[in-house]
Amino acid sequence: MKIVISGLGIIGGSFAKALKKYTDHYIIGINRSPAPLEAALSSGAIDEAGSENSLSEADILILGTFPDASIEFIKKNAGLIPKHCIVIDSAGIKTDICREISAVAKEYGFEFVGVHPMAGKEKNGFAAAEADLFCGASCIIIPGDASQGAVDKITALAQKIGFGRIVYSTPGEHDRMIAFTSQLPHVIACSYVMSPVCKKHPGFSAGSYRDVSRVAHINEKLWTELFIENKEPLIQELDILMENLSSIKSAVEKGNRSELEALLAKSRMIKEELGE
């Protein structure tokens with residue numbers, strides 16, 4: 001197949017590298033700035049540096065850009081996409097992007113399958129992309145209105161490039177769960193390192209500091225977009241978190257050992273029940 005990738009950041013670049021490593025498909029890259037295209041071409045991650053006109057050749061189109069940019073790209077270039085083409089995104093939220101692109105797909109006759117690769121790193125850009133970034137990771141697939149054949153083809157492709165688990169979901173369920181598993185940890189990490197003592201941590205910190213603070217090395221433009229577009233589920237999780245923090249704070253303030261032990265034991269038992 002000819003696979004066109006729009007956006008060669010860490011996710012789009014990793015798709016390109018993985019597809020070249022694990023498949024024989026022909027990969028065409030599109031990117032707004034030329035440097036990532038040149039790097040991808042010279043490294044062998046893509047076979048051709050293309051443009052929007054390359055969409056007419058696509059059997060599969062992978063959107064590796066921010067959600068709003070992906071929607072805008074599809075609306076602008078829908079007329080160039082062949083009817084047999086399957087479009088997939090890679091965004092971390094799904095409600096808006098699935099609604100918007102599914103409507104365009106229905107109008108122009110191509111198919112759209114929502115995809116969220118549960119993999120990444122703190123660093124961004126093509127230089128951070130890896131062929132094995134997806135190995136063993138989960139791939140969330142949102143079938144939406146796509147045919148079973150299109151969903152099966154994307155599932156097979158995901159497995160071919162290393163994804164270890166395929167999870168099928170709806171946009172609403174996806175965004176509710178991602179608010180807890182992905183967005184809330186980023187909020188916690190950012191809030192944590194804003195403490196005035198953070199800059200003094202060397203020599204006083206070990207694994208706990210690294211585990212909690214790791215994702216504070218954040219792409220603020222991307223995550224601002226993700227947080228605001230998924231604000232209702234995220235706010236629900238923030239309310240729960242703040243309630244739990246308040247309970248622990250209250251027990252500490254009162255010096256209530258039994259109350260504090262009960263709260264800490266509850267968290268331990270939840271982890272043990274999950275086998276983690």
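1. Helices (H or I, at least four residues) and strands (E, at least two) are DSSP runs numbered from the N terminus.

2. The model is a predicted one, in which local features need pLDDT of at least 70 and side-chain atom pairs count only at pLDDT 80 or more, while totals for chains, interfaces and linings use all residues. Residues are numbered from 1 along each chain as its sequence is written, and side-chain values use heavy atoms, with hydrogens and water left out.

3. On the other pairing of E1, five bridges connect it in the parallel sense to strand E2 (residues 26-30), with lysine 2 opposite tyrosine 26. The chain passes from E1 to E2 through helix H1 (residues 10-22) in a right-handed β-α-β crossover, that is, with the strands pointing away from the viewer, the path from the first strand over the helix to the second runs clockwise. Four of the five residues of E1 (residues 2-6) are buried, so this strand is largely enclosed by the rest of the structure; buried means under 20% relative accessible area, exposed over 50% and partly exposed in between, with a 1.4 Å probe and protein chains only.

4. The open sheet as a whole contains eight strands in the order E3-E2-E1-E4-E5-E6-E7-E8, with mixed pairing, and its edge strands, E3 (48-49) and E8 (165-168), each pair on one side only.

5. The structure holds four aromatic pairs, a pair being rings of Phe, Tyr or Trp (its six-membered ring) with centres within 6.5 Å, stacked if the planes are under 30 degrees apart, edge-to-face if over 60 and tilted otherwise. Phenylalanine 15 and phenylalanine 134 have ring centres 4.8 Å apart and planes at 45°, so this pair is tilted, whereas phenylalanine 134 and phenylalanine 163, with centres 4.8 Å apart and planes at 20°, are stacked. Phe15, Phe134 and Phe163 form one aromatic cluster; phenylalanine 134 is buried at a relative accessible area of 0%.

6. Helix H9 (residues 231-254) has 24 residues and spans 34 Å from first to last C-alpha, close to the 34 Å expected at 1.5 Å a residue, the expectation being 1.5 Å times one less than the number of residues. Pro233, Leu234, Glu237 and Ala251 are buried in H9, and glycine 255, with a positive phi near 65°, follows the helix.

Conventions: Pairing = 2+ DSSP bridges.
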